[in-house]
Amino acid sequence: MKAHRAILIKLPKDKCDTAYIRRLMALTNLAYRGYEAWVPDLPMTIQYQLYNFKNMKSLVFGAEPKRWFVRAWVPLKTFRVYADGSRKGDRNAPVVLDFRSSIIRIRQVCRNEHGYVVELPMPKWVVDRLSESGDVKYAIIGLKDDEPYLALTAEREVEPYQPSGYILAVDVNSWGHGIAWGLVKGNRISSFKQEGLNVGKIVGLYKQAVRRERRLGALKRLGLGDTVNAKRARRLVKRLRSRAYRLIRAEAVFLARKLTKKALRYRAMVVIDDVDWESLKELFTRRYGKEISKLLLSGLKGFVKLLVTQLQWYGVPYEFKRLYSRKCPNCKHKLTQQKGRVMICTNCGFKAPRDMVPIYWVLTPSPP
Ligand SMILES: [Zn+2]
């Protein structure tokens, strides 16, 4: 099984001609749709390598591992020079990964100028993937919010390991109090924790942004939309919003990493809550409003995606399973809440703390 992971690297804007990259993206889009257009004032080498990708089933490699491909980012081959001096890939590839000098060279794709090269420091991420027997065969370049980026895709041949009997259950639904996870063996929960997103902080940031926006609206109605004050307010709103997004993203990255490590340590099988996104969206919207709900959902979905990517990369076996919190894991009867956040099944007598109920869904039922 081939596993993939990708990294996005921001390119120096002053060294990249965004108009040129946009043209290459348009050309890629055509190629992706099966057209071959030879543009006289673009380097033939770049166009050749673009159409070479057509020989590999499709330009998008089956759209795995990243959706960016279908947004017509320009696929690029790489030439790798390893620390021991050995080489792999096409010598004329536009992207050179030089591990001896720890530099990435991008040739002819940042500016339409013969022999134009942009050099970047080699990210530690790439070196780490290499040390895990991964290889970076492909890269893509493109624009995101009008900023130039290079994305590298590491590939690795991996077989999922045989689980040791431990199960790591990840309850995504309880994000309101953080993500919850439980480490289970047989019919015993050996550890349990709720952690993650600081919803209060995010809601706070968001409300601040909304307040500033209202003030901005008032200024606009007074015809003062172009004043220094209005401009400052606009910048602040933007900053508050992006801070909220960054906070969620950082939390997702941290937790995905932590849970992958935990699974590896116990050679556990991972069971991820198969979230009903629609009903979760409704719940969040009712509780926090539409915009914050969108923010929280994107954080959760990002977390699941990151987690799955990393589990695949390290060969951790995993599956999705619905982990209910209001249904009895033994007899599927509806649970009733009692004092002290305890859930009880009036049908079979099952009893557990409310937040831990989802974890019980992966327990081996004890014999009657
Ligand atoms: Zn029951």
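**Exercise 1. Which residues coordinate the zinc ion, and at what distances?**

The model is predicted.

Step 1. Find the donors. The zinc ion is coordinated by the SG atoms of C328, C331, C345 and C348, at 2.2 to 2.3 Å.

Step 2. Read their spacing in sequence. The donor residues follow C-x2-C-x13-C-x2-C.

Step 3. Assign the geometry. Four donors count as tetrahedral if all angles lie between 85 and 135 degrees. Here the 4 donor atoms subtend 101 to 119 degrees, so the arrangement is tetrahedral. For comparison, the ideal angle for four tetrahedral donors is 109.5 degrees.

**Exercise 2. Describe how helix α6 packs on helix α7.**

Step 1. Take angle and distance. α6 (residues 277–288) and α7 (residues 290–313) pack at about 140 degrees, with axes 8 Å apart. That makes α6 oblique to α7.

Step 2. α6 passes α7 in a right-handed crossing.

Step 3. List the contact. From α6 come W277, L280, K281, F284, T285 and Y288; their partners in α7 include I292, L296, L300 and V304. The contact residues divide into 9 nonpolar, 2 polar and 3 charged.

**Exercise 3. Describe how helix α5 packs on helix α7.**

Step 1. α5 (residues 228–266) and α7 pack at an angle of about 30 degrees, with their axes 9 Å apart. Angles under 35 degrees count as roughly parallel. The two helices, α5 and α7, are therefore roughly parallel to each other.

Step 2. The crossing of α5 past α7 is right-handed.

Step 3. Among the α5 residues in contact are Y245, I248 and L259; α7 contributes residues including L295, F303 and L307. By class, this contact of α5 with α7 has 14 nonpolar, 4 polar and 4 charged residues.

Technical notes:
Residues numbered from 1 in each chain as written. Predicted model: local features only at pLDDT ≥ 70, side-chain atom pairs only at ≥ 80, totals over all residues. Heavy atoms only, no water. Axes fitted to C-alpha atoms, helices over the stretch in contact; angles between N-to-C directions. Helix = DSSP H or I, 4+ residues; strand = E, 2+ residues; numbered from the N terminus. Parallel < 35°, antiparallel > 145°, perpendicular 65-115°, else oblique. Left-handed = near helix turned anticlockwise from the far one by under 90°. Contact = heavy atoms within 4.5 Å. Nonpolar A, V, L, I, M, F, W, Y, C, P; charged D, E, K, R; others polar. Donors = N, O, S within 2.8 Å, 3.2 Å for Na, K, Ca; no water. Tetrahedral: all angles 85-135°; square planar, octahedral: opposite > 155°, others 65-115°.
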